[in-house]
Amino acid sequence: MRELPSRREEAWRWADLRLAERLRAVPAPANDALPDLDSLALVRPAARAVLAGGHAIESAGRPTHPAPDRSIAPHPLADIAAAEALAGLVVDVGEGEDGGLLECVHLGTSGAAHSVLRVELAAGARLTLVETIADAEADHWSNIRLDARLGEGAELVRILRIETVHGLASTRAHVALARAARLAEVSMIASPAAVRAETHVRLEGEGAEAVVNGVLLASGSAALDVVTRLQHEVPHTVSRQLWRLVAAGMGQASIAGGVAVARHAQKTDAAQSLRGLLLNRTAAVNLKPELEIFADDVACAHGCAVGEIDPLQRFYLESRGLPRPEARALLMQAFAAEALHALADPELSQPLADRLAGHLGALA
Amino acid sequence: MLAITDLHASVGGTPILKGLTLSVGAGEVHAIMGPNGAGKSTLAHVLAGREGYEVTGGTAVFLGQDLLAMAPHERAAAGLFLGFQYPVEIPGVSNLLFLRTALNAQRKLRGEPEVSGAEFLKRVRAEAQALGLDMEMLKRPVNMGFSGGEKKRNEAFQMGILQPRFALLDETDSGLDIDALKVVADSINRFRGPDRGVLLITHYQRLLDHVRPDRVHILAAGRIVESGGPELALRLEAQGYGAIAA
Ligand SMILES: Nc1ncnc2c1ncn2[C@@H]1O[C@H](COP(=O)(O)OP(=O)(O)O)[C@@H](O)[C@H]1O
Ligand SMILES: [Mg+2]
């Protein structure tokens, strides 16, 4: 069996993989009882694929046992997913076609479940992919690999929504962008459990643009760990990252936000903003910008700060009549909502904002 | 309406208010004047319930209720409005959304029905027009990118929408040019009424040329040291605070 990474490795020091260790050899059964699937949908009606415990329950796209993209660099968890997935999904959108909206729901049941998603967008193709990871009532390890290729001028909007309560959710998305392709990705990760979510973007063609944003809400004794790497391989590409991390209780929210600019990738325009909000002193936020810049004619603005709710702002709201929890929730929403601005379509951003408000209200 | 008796308060362990007594009846407008650092803003924050402003003695009764025992949002729902000397900027929170949420939170606590979106907008349009505030600006985040004068007009705007029983206005006149001063003074005069009270905190006499107070008090070193009619403000303007502080 492949080795799981250890916390002693720098890239894994904030990850909590204990459930992966425990459930590594326990495959999820095929017949666990399922919760109400409709309540898990973010946007309705949409083409939908549901994988429960790694087994295909419902399918849109092409349910298969997809082969991973072998050209992608090795990754300890994504490679386990490729080796052990029982089911997955292939989405091909042809040249100039609009693939519409596809929701893919991963339901952690019990045991370990692995899946592989492949998305291939031909030149000028478009797709909106909503990936949801949720769970039932038992510990699980849900390990998902997404390999996506965007052809010239293609556009992918990806929403990653993780609302697990029990298990370990791990995902690794690898998105390669050809000339003038665009990726807009927004993650909303609200959990008291363990999450490791990685997004690795390669900007391989001039004029390619990637926006990779997200909100993390760590409650309970959560260990939410995000890693991004936006790799500018050619001149004239653009990347934007905006992450807002909120930690409450004993929760820990972490991000290593990476930007890498290759030696000849002049005129790269990259920006990154990482901010944390601590709701109490037992919570923790870790922000780590990782910039590797080997070209000299590059704009790479970055900022990173951790704070608390400003008592004067809160008092101003209270003095107008908002009870303290509502004042806090409003300030938390203001802090976090910026990450959702990457979604131009209100049909997507509104339901996500509503879910976010619900989670924040519960923390306030 | 508001009766403050022998109020003592400390900030960060330092006593600032040292036995302040003041009473404002329904229908009255009172002004508090005093040198910088006298404790005027401290009094305003203590009355509104700001954390860290510790009451160490005395009482404040507002419409028959023990004001000092209430949470800040309960004071607002009871009808107290504080116009801030330094209105706070809140990125990401739309002015109008915030105000509507606040208005409905107050109404809920008072057991009144919510204000409909249409009714709210009607009030907003009327009040914005009276204060010369742009609707687009009001949709922006609270006080963000507002000039000093716009922030003060926004305080008056919020007062107009929330319709409190008692307005405690902390230097709402400072930073205003003469036209804006008249606009804000008009809004205070419109607010005046037999069931309402106003306490104007001001450093200068000029606001009182437009809003004529019933009583003027001088606050120095944490206490009211002198009270009188409007003529007291004029005398102060002529003589300066030096004479009082001494
Ligand atoms: N947050 C604070 N922390 C410590 N001292 C304060 C604070 N706010 C005010 N003070 C002090 O309290 C005194 C009264 O201030 P303030 O009430 O703002 O006066 P005024 O509004 O009359 O100019 C001053 O000496 C000031 O330095
Ligand atoms: Mg002051």
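## Backbone contacts to ligand 1

In this predicted model, a polar backbone atom of B:Ser41 sits 2.9 Å from an oxygen atom of ligand 1. B:Lys40 also contributes a polar backbone atom, 2.8 Å from an oxygen atom of the ligand. For B:Gly37, a backbone N or O atom lies 2.8 Å from a ligand 1 oxygen atom.

On its own, ligand 1 exposes 560 Å². The protein buries 57% of that area.

## The shell around ligand 1

The shell runs through B:Pro35, B:Asn36, B:Gly37, B:Ala38, B:Gly39, B:Lys40, B:Ser41 and B:Thr42. B:Val11, B:Ile16 and B:Tyr53 are also among the residues around the ligand.

By class, the shell holds five nonpolar residues, five polar residues and one charged residue. Helix 1 of chain B, residues 40–48, supplies the largest share of the shell, with three residues.

## Packing of helices 4 and 6

Packed helix pairs are described by the angle between their axes and the distance between the axes. In chain B, helix 4 (residues 117–131) packs against helix 6 (residues 148–162) at an angle of about 140°. Their axes are 10 Å apart. Roughly antiparallel would need an angle over 145 degrees, so helix 4 of chain B counts as oblique to helix 6 of chain B. The crossing of helix 4 and helix 6 of chain B is right-handed.

Technical notes: Residues are numbered from 1 along each chain as its sequence is written. Chains are lettered from A and ligands numbered from 1 in the order in which they are written. This is a predicted model: local features need pLDDT of at least 70, side-chain atom pairs count only at pLDDT 80 or more; totals for chains, interfaces and linings use all residues. Side-chain values use heavy atoms; hydrogens and water are left out. A residue is near a molecule or strand if one of its heavy atoms lies within 4 Å of it. A polar contact is a pair of N or O atoms within 3.5 Å; within protein, one must be able to donate a hydrogen and the other to accept it, and residues adjacent in sequence count only if both atoms are side-chain atoms. Accessible areas come from the Shrake-Rupley method with a 1.4 Å probe; for residues, only the protein chains shown count as cover. Helices (H or I, at least four residues) and strands (E, at least two) are DSSP runs, numbered from the N terminus. Ala, Val, Leu, Ile, Met, Phe, Trp, Tyr, Cys and Pro count as nonpolar, Asp, Glu, Lys and Arg as charged, and the others, Gly among them, as polar. Axes are lines fitted to C-alpha atoms, for helices over the stretch in contact, and angles run from 0 to 180 degrees between N-to-C directions. Angles under 35 degrees count as roughly parallel, over 145 as roughly antiparallel, 65 to 115 as roughly perpendicular and the rest as oblique. A crossing is left-handed if the near helix is turned anticlockwise from the far one by less than a right angle, and right-handed if clockwise.
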